[in-house]
Amino acid sequence: MIRQTAYTVEPWCVREQTLDLDMLAQSESVFALSNGHIGLRGNLEEGEPHGLPGTYLNSVYELRPLPYAEGGYGYPESGQTVINVTNGKLIRLLVEDEPFDVRYGALRSHERVLDFREGTLTRSVEWTSPAGDSVRVRTVRLVSLVQRGVAAIHYEVEAVDRPVRVVVQSELVANESLPDLGKDPRMAGRLESPLVGEESVADKDTAVMVHRTRHSDLRVAAAMGHEIDGPEHTVTMDGFEDVCRYTVATRLQPGERLCLVKYLAYGWSSRRSRPAVHDQVIAALAAAKMTGWDGLVREQREFLDDFWAGADVELDGDAEVQQAVRFGLFHTLQAGARAERRSIPAKGLTGPGYDGHTFWDTESFVLPLLTYTRPEAAADALRWRHSTLDLAKERAEQLGLRGAAFPWRTIAGQECSGYWPAGTAAFHINADIADAVIRYYHATADEDFARDVGLELLVETARLWRSLGHHDTKGRFRIDGVTGPDEYSAVVDNNIYTNLMAQRNLRAAADVAEQYPEQARRMGVAEEETAEWRDAAAAVVIPWDKRLEVHPQNEGFTHHARWDFENTPPDHYPLLLNYPYFDIYRKQVVKQADLVLALHLRGDAFTDEQKVRNFAYYEGLTVRDSSLSACTQAVMAAETGHLELAHDYLGEAALMDLRDLEHNTRDGLHIASLAGAWNALVAGFGGMRQYTVRLSFAPRLPPGISRLAFRMRFRGRRLRVTITHDEVVYDLLSGDPLQIDHHGRPVDLNGGAVRMDVPPTPSRPTPAQPPGREPARRDKTAR
Ligand code: BGC
């Protein structure tokens, strides 16, 4: 786990002041830079030591066989795994023939800073070689949010107290050897040398390498170009199949510096020829050089200034969470900013965990944040889903269903889950995609999107639900044999989350089809079909346990034996790594918010009293073995008046990676949890909901937070909501007047600040969690 003191607590950056070699892999994830297209782990420039080298390009993957002990019809035969592409981060340094390597000599000072406003990673070190020669090295790295194919490094080395001869080697390296990642099923399949060289050209200060993946047949090009500033020096360039090396040698007097700017460009294609991808990266490199280092830094800052103007969250009273929430916003933006019709993986492009796959995490946790802060990126992500619609239709057909069945986990659109009870059976992903479409449409009024993309996604997913469910003899619409978000119950009947989300999906499909009749007709939608969708939606089964007066997560759930929490040792969590699924499945134990997520996303389908009782019941069963749980529990704890508990869950979601709470940050960040922290604040303490077009808030703060202010974008407007314990100020920063709801009362925003009172919070006993699974307290003085 990352020590509490590993990073200083500051509002706008993550700063590390000592280098702990045992934590390299974690900090490589924390310090990763990405724009959604390129991802660079925070590896040290000199390449070694490393936890896990990582350079990723969105959707560049290799195929690998999925072997089964016992196969079955419809099981996917091959999986997709993200690969470590050509590494352009490498800059080695030799000081009087001694390689700069922090494991040797003396590291006199070390600092790394990830700056959320600059969008850069800065490293400053002073190192004395075993022979006693001292140098200062300062590097600044960025992955451009403006120029999608570009990254750059500003590298400076300075002699400290006596003249030294230095040699700097800037490299492009393909097929680096990777450490073994162990047996945890959540890690990536390791692939040896996935790239086959096609071209390596090195001339003067520029080199280009083109490789091809062996089985997935993707062509990857990487280029580097350089500028040098410093005393007299010599340069050489070498090029081999898997290595290109630009070498600069000079002699530095004390206080004298050699400065190197390294521009990197990446591109890939499944169709374009070798000369075409070669030219693409040369062109990107030329654009980067024309912008220059200072220009790239300036552009990055402007991009981020604009983002923060519509997205910042200020929080007084909990400095750690303040930092963590901005860290989460920054990484979520990095994951989605320039993904451009490619997927947003569960780990973003920060590590190889989960094989680089995209799950429902995107639509249900990441897109809410992006929809209200950077809607363009949310639309892009949904356009990516749309681009995979044909594959989803084929999958539905293979499963004997109509419409589209989107994959549980994938990189390029094909189902890659080999474990169907927590894979294909999790059909809710289709309603989650539909929900993200509806949310985006309601939050932006983007009619082009609704007509060209949204409608088809809604129609094909509605068709899936209509064929997956059936009307029973009483006319009720049942959806049997599916897995909900809680993966500790599998293949169940009438999972309430699934049924309610399917209901929303079916109704929205009918509404949007009626709004765009011409387009709908072209998709073969007739009036009878929309009527069928509405009938199914109206008759959807919502089980109810009369005795307990709670909603069972699915039919029969509350009749199962309770998990023996009392006799489960703390080190036996996560349960999935310590107990057989057969036993987990037949007990009342919840991996992650499921019914409680329904209370949030379909809050319009429950009474306040039901929310209170359901939340308390599921608190006692939820073990949070998934990082996707705490944020939702925070939202519903806040809505049901357990504000301190909500604060605790917010802390867990936000600090997931800065504190490595799940002990796997080394494989990449938990982007859904980081985005979830924003949901915990805005939907939790801000009480923001948008069940239809109308936006509503019900703000309330816990004792440990004295002020919360957040900005958001909504239908072409920018809003700021500032909450204290007594009052809320709504500011329409730009755009047309708007009516919202504040704790159920309409409020007109016409520009200028509108102040409203915060009603008192009902007092209720705090529900208990399974023993040992309580979230860590944020506010130690309260309760
Ligand atoms: C969770 C899933 C999630 C996946 C990727 C699993 O542990 O149960 O809901 O989609 O991780 O984050």
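A polar contact is a pair of N or O atoms within 3.5 Å; within protein, one atom must be able to donate a hydrogen and the other to accept it, and residues adjacent in sequence count only if both atoms are side-chain atoms. By that criterion, a polar side-chain atom of Gln 592 lies 2.5 Å from an oxygen atom of the ligand. The protein covers 93% of the 310 Å² of accessible area that the ligand has on its own, with areas from the Shrake-Rupley method and a 1.4 Å probe; for residues, only the protein chains shown count as cover.

The model is predicted: local features need pLDDT of at least 70 and side-chain atom pairs count only at pLDDT 80 or more, while totals for chains, interfaces and linings use all residues. Residues are numbered from 1 along each chain as its sequence is written, and side-chain values use heavy atoms, with hydrogens and water left out.

**Ligand site**

- The ligand is surrounded by Tyr 354, Phe 359, Trp 360, Asp 361, Trp 408, Glu 487, Lys 591, Gln 592, Ser 626 and Leu 628, where a residue is near a molecule if one of its heavy atoms lies within 4 Å of it.
- This shell divides into five nonpolar, two polar and three charged residues; Ala, Val, Leu, Ile, Met, Phe, Trp, Tyr, Cys and Pro count as nonpolar, Asp, Glu, Lys and Arg as charged, and the others, Gly among them, as polar.
- The side chain of Tyr 354 has an N or O atom 2.9 Å from an oxygen atom of the ligand.
- For the side chain of Glu 487, the distance from an N or O atom to an oxygen atom of the ligand is 3.1 Å.

**Helix 11**

- Helix 11 spans residues 527–538; helices (H or I, at least four residues) and strands (E, at least two) are DSSP runs, numbered from the N terminus.
- Its 12 residues reach 16 Å from first C-alpha to last, close to the 16 Å expected at 1.5 Å a residue, the expected span being 1.5 Å times one less than the number of residues.
- Glu 529, Thr 530, Trp 533, Ala 536 and Ala 537 are buried in helix 11; buried means under 20% relative accessible area, exposed over 50%, and partly exposed in between (1.4 Å probe, protein chains only).
- Glu 527, Glu 528 and Ala 538 are exposed, on the face of helix 11 turned away from its buried side.

**Asp 318**

- Asp 318 is in the loop between strand 21 (313–316) and helix 3 (319–336).
- Its relative accessibility is 6%, so Asp 318 counts as buried.
- The side chain of Asp 318 makes a polar contact of 2.9 Å with the side chain of Arg 778, and one of its polar atoms lies 3.2 Å from the backbone nitrogen of Val 321.

**Backbone geometry**

- Most residues other than glycine have a negative phi, and most peptide bonds are trans.
- The peptide bond from Glu 48 to Pro 49 is cis, with omega near -5 degrees.
- Tyr 573 and Pro 574 are also joined by a cis peptide bond, with omega about -5 degrees.
- Arg 624 is not a glycine but has a positive phi of about 55 degrees; Arg 624 counts as buried because its relative accessibility is 8%.
- Ser 193 has a positive phi near 35 degrees and counts as partly exposed, at 31% relative accessibility.
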